[in-house]
Amino acid sequence: MLQTQEELLAVLDQIGIQYTNHEHPAVYTVEEADLHHEGIDGVHSKNLFFKDRKKNLILVVTLSDKPINIKEMGNKINAKGLSFGKPDLLAEVLGVIPGAVTPLAVINAQNHTLKVILDEEMMENELLNFHPLVNTATTTIAAKDLIKFLEHCNQDFEIIRL
């Protein structure tokens with residue numbers, strides 16, 4: 001399991017994904033992260049880790065400023081009884097803490113079945129920003145490279161307009 005941003009960035013280098021990494025103070029919410037976006041190109045994300053009634057694990061990645069109705073979203077992605085995954089489950093599956101949830105952490109989910117939902121509206125942007133396993137930095141990559149990364153991790157995903 002990767003634990004540091006340096007390990008993750010080394011994987012991005014190995015598979016030919018260009019990125020820009022921006023260090024900042026620790027952030028735990030979208031609102032806190034918004035205070036550190038100046039000078040960072042691209043759209044920012046909100047990453048929600050859920051467990052449904054059947055104990056399926058789901059990572060939803062959308063625009064940071066997009067309001068989400070969990071029940072409506074659950075219907076759209078065919079998941080009933082969504083609840084946020086507890087911090088210990090988040091650490092076990094993705095190897096991150098609350099506030100550092102990121103689609104880049106799927107590299108750590110290889111022993112778990114995880115459904116990844118990417119918001120189509122977010123994916124229509126050229127540059128996307130995510131935490132690199134820690135909440136003290138933001139990494140900018142191209143949307144096409146997020147797909148390349150998920151494929152490298154053998155991670156299935158769906159692009160759905162939320």
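Biologist: Which strands do the buried residues of H4 pack against?

Modeller: This is a predicted model. In it, the buried residues of H4 pack against strand S2 (43-51), S3 and S5.

Biologist: And which residues of H4 are buried?

Modeller: Leu-89, Leu-90, Val-93 and Leu-94. Looking down the axis of H4, these buried residues fall within an arc of 100°, so they line one face of the helix.

Biologist: What happens just after H4?

Modeller: Gly-95 comes there, with a positive phi of about 70°.

Biologist: Back to the strands. How do S2 and S3 pair, parallel or antiparallel?

Modeller: S2 and S3 are antiparallel, with seven bridges between them. Asn-47 stands opposite Val-61 in S3. The hairpin they form has five residues between the strands, and Lys-55 takes a positive phi near 70° in that hairpin.

Biologist: How many bridges join S3 to S5?

Modeller: Five, and S3 and S5 run parallel. Across that pairing, Leu-57 stands opposite Leu-114 in S5.

Biologist: How many residues of S3 are buried?

Modeller: Seven of the seven, so S3 is largely enclosed by the rest of the structure.

Biologist: Now the core. Which residues touch the most other members of the largest nonpolar core?

Modeller: Phe-49, Leu-94, Leu-114, Leu-118, Leu-146 and Phe-149, in a core of 39 residues. Elements that each supply at least two residues of this core include helix H1 (5-14), strand S3 (57-63), helix H4 (87-94), strand S5 (114-119) and helix H6 (143-152).

Biologist: Which element gives the largest share?

Modeller: H6, with five residues.

Biologist: What is Leu-146 in contact with, leaving aside neighbours within four places in sequence?

Modeller: Leu-146 is in contact with Pro-103, Leu-104, Leu-118, Met-123, Leu-128, Phe-130 and Ile-141.

Biologist: Which residues does the second core include?

Modeller: That core is separate and has eleven residues, among them Val-60, Ile-77, Ala-79 and Leu-162.

Biologist: Different topic. Where is His-131?

Modeller: His-131 is in the loop between S6 and strand S7 (137-142).

Biologist: Is His-131 buried or exposed?

Modeller: Buried: the relative accessible area of His-131 is 12%, and the cut-off for buried is under 20%.

Biologist: What does His-131 touch, not counting residues up to four places away in sequence?

Modeller: His-131 touches His-24, Val-27, Gly-99, Ala-100, Val-101, Thr-102, Leu-104, Ala-137 and Thr-138.

Definitions and conventions:
Residues numbered from 1 in each chain as written. Predicted model: local features only at pLDDT ≥ 70, side-chain atom pairs only at ≥ 80, totals over all residues. Heavy atoms only, no water. Core = buried A, V, L, I, M, F, W, Y, C linked by side-chain atoms within 4.5 Å. Buried < 20%, exposed > 50% of the residue type's maximum accessible area, 1.4 Å probe, protein only. Helix = DSSP H or I, 4+ residues; strand = E, 2+ residues; numbered from the N terminus. Contact = heavy atoms within 4.5 Å. Arc of directions from axis to C-beta. Pairing = 2+ DSSP bridges.
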